[in-house]
Amino acid sequence: MLIRQITKILRKQKLDIFSLIIVSLALLSYVRILLLLNVFEDDNAWLLSVYASGNLSEFLNTGWIELRRIPQGIFLYCFLGAHRLFDNPYILWQSLNLLIQVASPLLFYYFLNNLIKDKYLAFLSGCFFIVYPIDTTLPVFSNIYYRIGIMLTIISFYLTEKGLSKDIRCIFLLIAFMLSGISHYILIEGTIALEPARLLFTGYLFYNKGYASKDIIKKTLIIWLPFFLLCIPLIIYKLIFKPYGIYADMYKTDISFLLNFKMHRELVKMLLF
């Protein structure tokens, strides 16, 4: 039902020359990946684990439990486990990767075009997303949940804009909320870092409707609050329950880093200059 609703909404989005160019560029950008029929980086470990594991529990014990990323492990086990159903699982793996490669920049273009009403800027942003995607296009199948998580976040942003652009449509906001939850808790926790962007463009939408400053702040916070609260349990969990075993020193999470202003200053300088 959720997929049917999203498909119904997206069908109303008209194709134009810019969207066709983005699709063409995305397809071309994937050729370099499509031609690499090999196993790379983490795939060596996780594919071997899938082949060697007799069941899901055994697979999760190869590192996902120590990483405290069991939902991602379950997803990857099902995805890589397709080798049991197909003689050539590359067809499935590459097809899904190709779908994401095309859909993510296209949806990003639609979202920005609807938001800022500037096709040229939205088109350039979509092209930049292809050249340097936030999910990083790599020939690594085990990164698939990162890429799906980013794509779902873009769809969530798109639906949030649709739900607020005219009259507030709660069904759109509800689906956006559900997609964010799937992305944060099942696929990639890092997408919570994109939630401040939702706060900003929500305020921008209310600003364009001509509301007074106080009303803009009030309405923006009311809309954003559920998305913010959705992130809190995950943040608390990650701060309290840290990776252990061989991953203990690999992924450190320390709440004191929030007070490391020197590090933040250096990061801002690196991003700006």
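1. Helices here are DSSP runs of H or I with at least four residues, numbered from the N terminus. On that basis, Gln-72 lies in helix 6. The model under discussion is predicted, and the points below should be read accordingly.

2. Leaving aside residues up to four places away in sequence, Gln-72 touches Trp-64, Tyr-145, Ile-186, Leu-187, Ile-188 and Glu-189.

3. The packing of helix 6 against helix 9 deserves attention. Helix 6 spans residues 70-80 and helix 9 spans residues 144-164; their axes are 10 Å apart and the packing angle is about 110°. Helix 6 is therefore roughly perpendicular to helix 9. On the helix 6 side, the residues in contact are Gln-72, Phe-75, Leu-76 and Phe-79, and they meet Ile-144, Tyr-145 and Ile-148 of helix 9. Sorted by class, this contact has six nonpolar residues, one polar residue and no charged residues.

4. Helix 6 also packs against helix 10, which comprises residues 170-187; here the angle is about 90° and the axes lie 7 Å apart. Helix 6 is thus roughly perpendicular to helix 10. Pro-71, Gln-72 and Phe-75 make the contact from helix 6, and Tyr-185, Ile-186 and Leu-187 make it from helix 10. The class count for this contact is five nonpolar, one polar and no charged residues.

5. The structure holds 18 aromatic pairs. One of them joins Phe-59 and Trp-64, with 6.3 Å from centre to centre and 40° between the planes, a tilted arrangement. Phe-59 and Trp-64 are both buried. Ring pairs also link Trp-46, Phe-59, Trp-64, Tyr-77, Tyr-145 and Tyr-146 into a cluster.

6. A charged side chain is placed against a ring elsewhere in the model: Arg-198 lies over the face of Phe-227, at 3.9 Å from the ring centre.

7. Which residue of helix 5 has its C-alpha atom 8.3 Å from that of Pro-243? Ile-65, which lies in helix 5, is the residue concerned, although Ile-65 and Pro-243 are 178 residues apart along the chain. Ile-65 is partly exposed, with a relative accessible area of 27%. Beyond residues up to four places away in sequence, Ile-65 touches Leu-60, Ile-70 and Tyr-244.

8. Arg-68 has a phi near 60°, which is positive in a residue other than glycine. Arg-68 is placed in the loop between helix 5 (64-67) and helix 6, and its relative accessibility of 26% makes it partly exposed. Lys-117, likewise not a glycine, has a positive phi of about 55°. The loop between helix 7 (90-116) and helix 8 (119-131) holds Lys-117, which is exposed at a relative accessible area of 65%.

Terms used: Residues numbered from 1 in each chain as written. Predicted model: local features only at pLDDT ≥ 70, side-chain atom pairs only at ≥ 80, totals over all residues. Heavy atoms only, no water. Axes fitted to C-alpha atoms, helices over the stretch in contact; angles between N-to-C directions. Helix = DSSP H or I, 4+ residues; strand = E, 2+ residues; numbered from the N terminus. Parallel < 35°, antiparallel > 145°, perpendicular 65-115°, else oblique. Contact = heavy atoms within 4.5 Å. Nonpolar A, V, L, I, M, F, W, Y, C, P; charged D, E, K, R; others polar. Phe/Tyr/Trp six-rings, centres within 6.5 Å; stacked < 30°, edge-to-face > 60°. Buried < 20%, exposed > 50% of the residue type's maximum accessible area, 1.4 Å probe, protein only. Lys NZ or Arg CZ within 6 Å of the ring centre and 35° of its normal.
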